[in-house]
Amino acid sequence: MSSLVLPDPMIVRDFLRTRTPYETAKTALFVYVIVTHTFKLYRHIRARGVTDSVRHSWTWACKQALLLALKVPSVQKDVQQKLNQARLEIEDKLVPKAVPRHLALPEEGKSVEWILAEMAKMDSEMGPKADWRHAKLSGAVYHGGDDMLEVIVAAFERYAVSNPLHPDVFPAIRKMEAEIVSMCLRMYNNPNGAGTMTSGGTESIVMAVKTYRDWAREVKGIMEPEMIVPATAHAAFDKGAAYMNVKVHLIPVDPLTRKVNIKRVRRAINRNTILVVGSAVNFPDGNQDDIVALGELAARHNIGLHVDCCLGSFILPFLEKAGLADGEDGGARYKITPFDFRVRGVTSISCDTHKYGFAPKGSSVIMYRDATLRRHQYYVLPDWTGGVYASPSLSGSRPGALIAGTWAAMHYMGSDGYLKSCYEIVSCARTIANTITNSIPELYVLGSPPASVVAFGSKSLELNIHEVGDAMSKRGWHLNALSGPAAVHIACTLLTLPHVNTFIADLKDSVREAKENPYGKGTMVMLYGLGSSSAVGPDMVGEVATFFLDALYKA
Ligand SMILES: *Cc1c(COP(=O)(O)O)cnc(C)c1O
């Protein structure tokens, strides 16, 4: 009987005897590949869930079929024609026609007067759109006031040519950079931690991904790293993963609270996981993930937890003192839960000085729990022909002027300055959120955003929120469109404060207009309509986005 279930040992021995070692090795390799791929597939499906995996496979299959159909010459011609038209429209919008161009170096150098006059001309030729001071922006310019501008310009002037790559030549710049990092570490309750400055939130995040990749390779021997990222996390994590060759598991958020689904995060953790990500607060809708729950998971599995405070920057650490961390406002409940290094399991935090720190653009800080972790961020080439090379982050030479400008901005503001700006900006955002909830019945606010960003969607299929966004554009607003779900957001800054009432009045008007005229052809409607039109929609949008980048470099 047993020979029916188990192979007879004699047969196995004969089988092996008749095979050459080469064949046996080949079989072993084959079995190894099958087994490892099966495990890989298992981990992949476990992270995504069966339903999502099936749905993704189906979308993928549809996409392949459509891509095949697009190869039919007549269809291809049609698509090319449409894309060409899109390209021309983008260039038309971005690149002005009837202005003098300076495509090559002038034969002789120009005077300062000429240069400034030419800049003034360019600004005025491009129309009122170029006036950021009075523009109704979402985020984009984190202006700290005219006096702050003076402070930054003075610092720039003094340190215009400085380069922190040479601390022996510019010792004050080195000191200021170390102090900026120290101030941020104290703000985030980790005075004994470590960090570096970077060129912005994206570089801070890309550096964090590199740090965990190298840490996991060295300490845990992980060669095929994976990271777990909430769907609402910033695109910089995907960018970092693409640059650093790390696999991403995108985890959905709870549709009501807009916090990442902790159960799904737990399921996605496996022996290749190097990093979990949480946002405080996220860019799309300004809500905060449950950092405490993420921290527990990270600590239990000995993996990294990066908290993205790029946007929360100088708002979240001041909410409690501003009396806005926990309470009711206009019927909504706002609650900040712990997000900084006091939470067990948090191993790194990115904080953008160039957002609510009001520092000049091009400055951010990446912080680690300790200096041991930071070492994995460094790049060192001891035997370079050009000498021993060591740099803390992506850049080699860096602008010392930005460090001086940031140091100046932070000292000019001080804790009391940031407390005041936090109070004003968050109050502004809550006024907007509460008005939407209480007096615009067609719209709803995504989650209960505790800080500066408010995202709103439409309650019914009859009203397309991107239509509302386009109507707002016509009224001079530069808002952000979101997908999943379709929504529009505003990130309040000090520049928003004087426009709150206009915003609310314009939003009510725009809702009315979008209901009366539901088939507009504005940018948001076109772009996001295209994206969700078919399985190849995202590829088409990708193509259009590439045209946009090309157009940026059309002189
Ligand atoms: C702005 C932002 C970033 C990236 O910042 P950049 O400075 O634009 O590179 C990352 N995360 C969040 C939540 C942000 O809002």
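These legends walk you through a few close-up views of a predicted model.

Local features need pLDDT of at least 70 and side-chain atom pairs count only at pLDDT 80 or more, while totals for chains, interfaces and linings use all residues. Residues are numbered from 1 along each chain as its sequence is written, and side-chain values use heavy atoms, with hydrogens and water left out.

**View 1. The domains of the protein.** Let us start with the overall layout. The assignment, which is automatic or comes from a database, gives domain 1 (25–69), domain 2 (153–414) and domain 3 (415–552). The C-alpha centres of domain 1 and domain 3 lie 37 Å apart. Even so, 5 residues of domain 1 are in contact (heavy atoms within 4.5 Å) with 4 residues of domain 3.

**View 2. Helix 5 crossing helix 19.** Helices (H or I, at least four residues) and strands (E, at least two) are DSSP runs, numbered from the N terminus. The axes of helix 5 (residues 73–94) and helix 19 (residues 537–552) come within 9 Å and cross at roughly 35°. Here an axis is a line fitted to the C-alpha atoms over the stretch in contact, and angles run from 0 to 180 degrees between N-to-C directions. This crossing is right-handed, meaning that the near helix is turned clockwise from the far one by less than a right angle. Among the residues that meet are Leu83 and Ile90 in helix 5 and Phe547 and Phe548 in helix 19. The contact divides into 11 nonpolar, no polar and 3 charged residues. Ala, Val, Leu, Ile, Met, Phe, Trp, Tyr, Cys and Pro count as nonpolar, Asp, Glu, Lys and Arg as charged, and the others, Gly among them, as polar.

**View 3. The second largest pocket.** A pocket is an open set of points on a 1 Å grid over the protein atoms alone, with protein on both sides within 12 Å along at least five of seven lines. This one has a volume of about 740 Å³, counted as the space filled by probe spheres set on the points, which are joined across faces, edges and corners. Its lining (residues with an atom within 4 Å of a point) has 19 residues, of which Arg55, His56, Thr59, Leu250 and Pro538 lie nearest the centre. Helix 4 (50–69) and strand 4 (247–251) each give two or more residues, and the largest share, 6 residues, comes from helix 4.

**View 4. The largest cavity.** In a cavity, a 1.4 Å probe fits but cannot get out. About 50 Å³ of space lies in this one, and its lining includes His234, Phe283 and Lys355.
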